[in-house]
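Subject: Structure for your review

Dear colleague,

Please find below the structure that I am handing over to you.

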Amino acid sequence: MELRHLACFLAILDTGSFTRAARRVHLTQSGLSQQVRSLERELGTALFTRRPVRPTPSALALEPHARAALAAVDEAGRAVAATTGAHLELRVGAIASLTAVDLCDLLERVRLAHPNLSVSIVQEATDEMVRDVRDGRLDLAIVDTARPSSRDLESLVVCEESFSLVGPALPSGPVAPADLDGRAWVALRRGTRLREVFDRLMEDHHLVPAVIGQVGDIRLLGRLSAAGFGNAVLPAPMTRRQRAAPIPAAVLAPRTVRAVYAPRHRNPALATCLTILHDGAGSAG
């Protein structure tokens, strides 16, 4: 059983498509299909139905072992690199609305402990980054999420953040549900975590929002609301430099920002990063 076969298998499982999986592993679709057929012949069973693409029970049984095998190989390379003084790589995912952690300062402190460090940083949807940590494509994701359900993942609570209402015609005190009615809103596009928060706020208070603008960048959202284009709901730390009305927890529950990681990773830079985050969370509490 070859590692490249397992990588192709997991790419199909994760993307649900031979076409998207082929792009992920940089193969033609026919080349990907050949890899999977070789794995199926070796195992003596089909792993996917083709129309539509669905994993078989055999595929679901193979999945955790395939992920563990690829992660073990990656960790082996990292462990050897750490003993030889070769460069360390730290792959971090972070939400665009991150305010609780100064990511630049965090990575600089890690680099002081590991001068041979190189870093890569991505900003994607929360669920995608958590999957990337689980599958070994990221070492750490700093995201707003519940405690991960996967047994392969652990998390460290970085902070809890309340929300604020920004934009025109703000109430003089904390926001009450009645203050949310009859407003024009700007919001993030659907599929983002903060759009889910906004939609849940509206649904919980039986409101049908008039969303007149949707954007993909939270900082642009803040600028539009500050310019009076419409109201917006933002994490409170992002609103310190503009007029804002606090939203009490009874109206909208605070979000929990966590550092999600896979404990099987033996990356010394990750261990240092988690120690810094833990100390910061402890002092913040």
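This is a predicted model: local features need pLDDT of at least 70, side-chain atom pairs count only at pLDDT 80 or more; totals for chains, interfaces and linings use all residues.

Domains

The domain assignment divides the chain into domain 1 (1-68), domain 2 (86-158 + 255-280) and domain 3 (162-252). Between domain 2 and domain 3, the centres taken over C-alpha atoms are 28 Å apart. Their contact draws on 10 residues of domain 2 and nine residues of domain 3. Together the two domains bury about 730 Å², of which 53% is on carbon and sulfur atoms. On the side of domain 2, Ser97, Thr99 and Arg255 contribute 55% of the area buried against domain 3, more than any other three residues.

Helix α2

Helix α2 covers residues 18-25, and its residues Phe18, Ala21 and Ala22 are buried. These residues lie on the same side of α2 because they cover an arc of only 105° around the axis. The elements that cover them include α1 (3-15), α3 (29-43), β1 (48-50) and β2 (53-55). At the start of α2, a side-chain oxygen of Ser17 comes within 3.1 Å of the backbone nitrogen of Thr19. Just after α2, His26 adopts a positive phi of about 60°.

Helix α8

Helix α8 spans residues 218-226. Its buried residues are Ile218, Leu221, Gly222 and Ser225. Down the axis of α8 they fall within an arc of 100°, so they line one face of the helix. Among the elements that cover them are β7 (163-166), β8 (184-188), α7 (193-204), β9 (210-215) and β10 (232-235). At the start of α8, a side-chain oxygen of Asp217 reaches to within 3.1 Å of the backbone nitrogen of Arg219. Just after the helix, Gly228 has a positive phi of about 90°.

Leaving aside residues up to four places away in sequence, Ser225 touches Val166, Gly167, Pro168, Val186, Gly230, Ala232 and Gln242.

Arg67 is found in helix α4 (residues 57-84). Is Arg67 buried or exposed? Arg67 is buried, since its relative accessible area is 7%, and the cut-off for buried is under 20%. With residues up to four places away in sequence left out, Arg67 touches Leu10, Leu13, Asp14, Arg134 and Asp135.

Gly93 belongs to strand β3 (residues 88-94). With 0% relative accessibility, Gly93 is likewise counted as buried. The residues that Gly93 touches, on the same exclusion of sequence neighbours up to four places away, are Val122, Met129, Leu138, Leu140, Ala141 and Ile142. One of these, Val122, is 29 residues from Gly93 in sequence, with a C-alpha to C-alpha distance of 4.8 Å.

With kind regards

Technical notes
Residues are numbered from 1 along each chain as its sequence is written. Side-chain values use heavy atoms; hydrogens and water are left out. Buried means under 20% relative accessible area, exposed over 50%, partly exposed in between (1.4 Å probe, protein chains only). Helices (H or I, at least four residues) and strands (E, at least two) are DSSP runs, numbered from the N terminus. The arc is that of the directions from the helix axis to the C-beta atoms. Contact means heavy atoms within 4.5 Å. A polar contact is a pair of N or O atoms within 3.5 Å; within protein, one must be able to donate a hydrogen and the other to accept it, and residues adjacent in sequence count only if both atoms are side-chain atoms. Domain bounds come from an automatic or database domain assignment. Buried area is the accessible area (1.4 Å probe) that two parts lose on being put together, summed over both.
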